[in-house]
Amino acid sequence: MKKVYLDNASTTQIRPEVVQEMAKILLEDYGNPSSTHSLGRNAKRILELSRKAIAKELNVSSQEIIFTSCGTEANNWILRSAVKDLKVKRIITSKIEHHSVLYTIQALQEEFDIQVDYVAVKSDGKINVTNLVEMLSQETKTLVSLMHVNNEIGTVLNIEKVGQICKQYNALFHSDMVQSIGKTEIDLQLIPVDFVVASAHKFHGPKGVGFAYVRKNSGLQPLFYGGEQEKGLRSGTEAVHQIAGMAKALELSYSNLETERNHILDLKNYLIAQLELEFSGFKINGTQDDFYTILNIILPFLDDKTAMILFHLDMKGIAVSRGSACQSGSVKPSHVLAEMLSEEDLKKPNLRISFSHYNNKEDLDLLIEALKNLR
C-alpha cells in the first residue's frame with residue numbers, strides 16, 4: 001500500500017541533502033562551539049556560517065538571528081520577556097493564533113495582570129485590520145502578536161500593512177512565521193516587525209531546532225540562564241548539526257522556491273477541481289486563494305463521519321489532519337474554525353490537507369478515492 005503524506009503543515013519530510021550535511025557534522029565536526037581548541041573553533045565556524053546563511057535569506061544582520069529548539073520556545077520567550085522586561089502592559093492578538101501564543105498570553109495575563117484584547121476575525125479567517133487600528137488608538141505600551149500564515153486554514157496576514165500600523169502607533173510587533181518562512185519570499189528590511197519565529201521542520205529541515213529574529217537593541221532578556229551562548233539570550237550548548245541542517249534546508253527551499261511553489265499550486269488546484277467534481281456541496285474554509293500549501297475543507301458527509309474520518313484515511317495509508325498537529329488527536333472542533341464557522345458547519349467533517357513538492361497527482365487521486373468510499 002502506497003503511503004500518501006498530506007500533512008506538511010504539521011511537519012515535512014527532511015531533504016536528503018540536509019541529512020547528508022547533518023551526518024557529516026555529527027561524525028566529523030563534533031566539537032563544542034564554546035571550546036577554544038581547533039575542534040571547538042571549527043564547530044563555532046559552522047554555527048556562525050549557518051547564522052549568516054539564514055540572515056542572508058531574510059535580509060537581516062546575522063546578529064539578529066537567535067537559535068532556539070523550536071517555534072514554541074521562541075514564542076514563549078519573546079512574549080514573556082516583552083511583558084516582564086520590556087514592560088508591555090497590553091497584548092493584542094487573535095483567537096486563531098497557535099496555542100504556543102494563546103496559552104502563553106493567558107499565562108502572562110494571570111501572572112502579570114496585563115490587558116489582553118482579541119482583534120476580530122472575519123468569516124473567511126482574515127484579521128479585521130480596521131478593528132486593529134481602533135484598538136491601537138489606546139495609549140498603553142502594547143505588543144501585537146499575529147501570525148503570518150494561519151497553520152490550520154492558510155489565511156495570509158498582510159504583514160507589511162500590519163507592521164506599518166504597529167509602527168505608526170508605537171506598538172511592538174511579533175509574528176509567528178512558522179508556516180511561511182522557507183515557503184514564500186520574506187524581506188525583513190521591508191516589514192516593520194520586531195520579532196519573528198521560525199521552525200526548521202516546517203521547511204524540510206530537522207525537528208528540534210528553530211530560530212527567532214530579534215530586531216537589534218530590542219532589550220529582550222533570557223528565558224533561562226546558564227552559559228553565554230547566543231549572546232547570552234539562549235544558554236545551552238548549540239546543536240550544531242541541527243542548526244547547519246536548518247540553514248541548508250532554508251537555502252534549498254529558497255533556491256527551489258519558484259519551481260516547487262508552481263508544482264504545489266498545480267496540485268492544490270487539481271484537488272479542488274476533483275473535490276468539486278466528486279463532492280457537490282464541499283466548502284473551503286477560508287478562500288481558494290489562501291496560502292498555497294494548505295487547503296482546509298468541509299465535506300458534505302453526515303455528522304457521524306466526523307470522529308472516524310482520520311482513522312479511515314489512515315487505514316488507507318493517507319496522512320492528513322483536522323487542524324493543528326498539536327491537537328489533531330482531539331475530536332473537539334478546532335479553535336480556529338470555531339471563530340469562523342456556524343454551529344452547523346462545525347459539526348461536519350473537516351480536513352486540513354497540506355502539500356509539499358514531494359506530492360503528486362496520484363496522491364490526490366488516492367485521497368479522492370478513499371473519501372468516495374467513506375460516503
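**Salt bridges and cavities**

Guide: The side chains of Lys372 and Glu369 meet in a salt bridge, at 3.7 Å from N to O. This is a predicted model, where local features need pLDDT of at least 70, side-chain atom pairs count only at pLDDT 80 or more, and totals for chains, interfaces and linings use all residues. Residues are numbered from 1 along each chain as its sequence is written, and side-chain values use heavy atoms, with hydrogens and water left out.

Visitor: Why is the contact of Lys372 and Glu369 called a salt bridge?

Guide: A salt bridge is a side-chain nitrogen of Lys or Arg within 4 Å of a carboxyl oxygen of Asp or Glu. Here the N to O value is 3.7 Å, so the pair qualifies. Side chains of opposite charge can pair when their charged atoms come close.

Visitor: How are Lys372 and Glu369 placed in helix α12?

Guide: They are three residues apart in helix α12 (residues 361-372), so about one helical turn separates them. Helices are DSSP runs of H or I with at least four residues, strands are runs of E with at least two, and both are numbered from the N terminus.

Visitor: What makes Asp29 count as buried?

Guide: Buried means under 20% relative accessible area, exposed means over 50%, and partly exposed lies in between (1.4 Å probe, protein chains only). Asp29 has 10%, so Asp29 is buried. Its salt-bridge partner is Lys24, at 3.2 Å from N to O. Lys24 has 42%, so Lys24 is partly exposed.

Visitor: Arg261 and Glu185 also meet in a salt bridge. Which parts of the chain does the pair link?

Guide: The N to O value is 2.8 Å. The pair links distant parts: Arg261 is in helix α8 (residues 257-278), and Glu185 is in the loop between β6 (172-176) and β7 (195-199), 76 residues apart. Arg261 is buried because its value is 18%. Glu185 is exposed because its value is 51%.

Visitor: How many salt bridges does the structure hold?

Guide: It holds 20. Lys44, Glu48, Arg51 and Glu230 are linked in a network of them.

Visitor: Which residues lie nearest the centre of the largest cavity?

Guide: They are Lys183, His204, Glu260, Ile264 and Tyr292, among 17 lining residues. Helix α8 gives the most to this lining, with four residues.

How values were computed. 1 Å grid on protein atoms, 1.4 Å probe; cavity = no way out; pocket = protein on both sides within 12 Å on 5 of 7 lines; lining within 4 Å.
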